[in-house]
Amino acid sequence: WHMRAYYRGLAEFPLFIHGAMDYLPSIIASFIYGDLHVLGGTRVINALIVWLSWIMLFDVCDACARKTGLRVFWAFVVGVIFVSVSPSVLSFPMQTSEAFVGTRDLWIMATIWCFTRIIFSTTEKYNYLLTVLGSVSAAIAFFWSYDRGIMAFAFLGCMTLWWLSERKHALAAITVLCSYGGVLVIGYLNFAGPVADNIQNILHWARHSKEIWGVSYVGPCYSNITALSAVVFCGLIVVTAWLGRSYVARNRREVFYLLGLFCIQALLMKSSLNRPGGHRVVAALWPSIIVMIYLGGRFLPATLFSVKVDAEAYKDLVNNLPSKLAYALSAAVFSLTVLMVLGVLNLKQFMAYGSFAKSLVHPKENAALVSEDMNKVGALLREDDAGFFSWSNDGILALLAKKRFCTRYSHTIYAARSNEEDLLQGLKKEDPKMIVFDPTAWGMTIDGRTTANRLPEVNEYINAAYPRKEQVGRYIILRK
């Protein structure tokens, strides 16, 4: 509802944590299914986005394994990973966005897919078309999910260097023009906000993410070992490739491809190291899966065969070593995937496909997908003509109340201490009759720090200006 008001010039562009993925699926769902079915329609669209992302990942991995003798095995491995870690259909938007491959990965995966097709193709027939599509996908990724957009441009930088190293200046120019030009065109069209406002959002998180989300490293960080080893893994592959000059000369394009994946993997580590947690570690591993398949099927045998052995006694051993190592690696990966299935697999998530097929045609109404407390609070909020102030950090309430936000901070937790005066002035100017407070909401305490303690002036004003309290289930309605 806030974005609808923004499109009509009645509200300013809000501060989002991700980007257009936070609102475009809902707007599309509203257009297709109607306002009464926005929540269910959004879940359907998010599920379709996740599936499309996985399809592209499958094809990327298949391209990396196409010239190997273990192509079927690697397809099985990726399939097992999908079954193990993919989110359940009709999951909450937060679950689909933070999945191993989620809604936020759609356009960066499209960028990788386009250039993977170029890198591993035996013909150059579609190079120009795929370069345009991949570069435009990176431009869309910039608006779709800020962090993935930055990663997509880092990957494009490596691809541009590859074009220049091959003296294909026209393709390098197309990559730059279509990516940066795409950003300007999309910003001008304004359906995802102006470029300047989106850059302002990115700068906000670059400056304040540590204050809002960061945690100290006092406790154990064992949950990051897996993700950290993935970065080291990718780094060693790239470094080894550069040291093997004969390999680089024969496979220059693939080296730049690996370098681009390493850049994505390194940037994905930012969120994982900043906020340790199991699902964040898992979500930071998919570039390493692509590189692992490439290494297991192509790179490792090439480097081992290049080793010169003088002793006749070791020739047979060295000649058989690549195949033995490949099968050993396959056995290790197979064991890990079996353990992953036993520990993670939840068959109930696949029993929901019947209801998903029904929801694809006619999703449930909003009221049926939320609690009775939420419906009651939404009805109360509709009595007030003023905007919605998200002190409870529950954006669904704004949707149920059909309200725009009082300020550009769609969630109070997004405001840093230096933004407190701006937040407070927006609240005073809008002057809503009631504010919803939920002391049990996840957003009220982030990484051990409460929003009230981070924003003491706002908290003090609310307590003074809204002294009347009314309990509605788990929510507390604060009134003037």
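Q: How much space lies in the second largest cavity?
A: The model is a predicted one. A search of the whole structure finds two cavities of 30 Å³ or more. The second largest cavity holds about 40 Å³.

Q: Which element gives the most to the lining of the second largest cavity?
A: The lining includes M434, I435 and V436. Strand β1 spans residues 434-437. With three residues, the top contributor to this lining is strand β1.

Q: How do the residues of the lining of the second largest cavity divide into nonpolar, polar and charged?
A: Among the lining residues are L381, D384, A386, G387, F388, F389, K403 and P432. Gly counts as polar, while Asp and Lys count as charged. The division is eight nonpolar, one polar and two charged.

Q: What does the count of disulfides come to?
A: A disulfide is a covalent bond between the sulfur atoms of two cysteines. Here a pair of cysteine sulfur atoms has to lie within 2.5 Å to count. By this rule the number of disulfides is zero.

Q: Which cysteine has the sulfur nearest to that of C158, and how far away is it?
A: C158 is buried, because its relative accessibility is 5% and the cut-off for buried is under 20%. C158 is in no disulfide. The nearest cysteine sulfur is 3.9 Å away and belongs to C263.

Q: Why does I119 count as buried?
A: I119 sits in helix α6, which covers residues 106-119. Buried means under 20% relative accessible area. I119 counts as buried because its relative accessibility is 3%.

Q: What separates the C-alpha atoms of I119 and E254?
A: Along the chain, I119 and E254 are 135 residues apart. Leaving out residues up to four places away in sequence, I119 touches M159, W162, R253, E254 and Y257. The C-alpha atoms of I119 and E254 are separated by 6.7 Å.

Q: Among contacts between residues at least 6 apart in sequence, what share joins residues at least 24 apart?
A: The secondary structure comes to 23 helices and five strands. Contact here means heavy atoms within 4.5 Å. The share joining residues at least 24 apart is 73%.

Q: What part of the accessible surface belongs to carbon and sulfur atoms?
A: The protein has 480 residues, and 52% of them count as buried. Its accessible surface comes to about 22,600 Å². The part belonging to carbon and sulfur atoms is 64%.

Key:
Residues are numbered from 1 along each chain as its sequence is written. This is a predicted model: local features need pLDDT of at least 70, side-chain atom pairs count only at pLDDT 80 or more; totals for chains, interfaces and linings use all residues. Side-chain values use heavy atoms; hydrogens and water are left out. On a 1 Å grid over the protein atoms alone, a cavity is a set of points where a 1.4 Å probe fits but cannot get out, and a pocket is an open set with protein on both sides within 12 Å along at least five of seven lines; lining residues have an atom within 4 Å of a point. Grid points are joined across faces, edges and corners, and a volume is the space filled by probe spheres set on the points. Helices (H or I, at least four residues) and strands (E, at least two) are DSSP runs, numbered from the N terminus. Buried means under 20% relative accessible area, exposed over 50%, partly exposed in between (1.4 Å probe, protein chains only). Accessible areas come from the Shrake-Rupley method with a 1.4 Å probe; for residues, only the protein chains shown count as cover.
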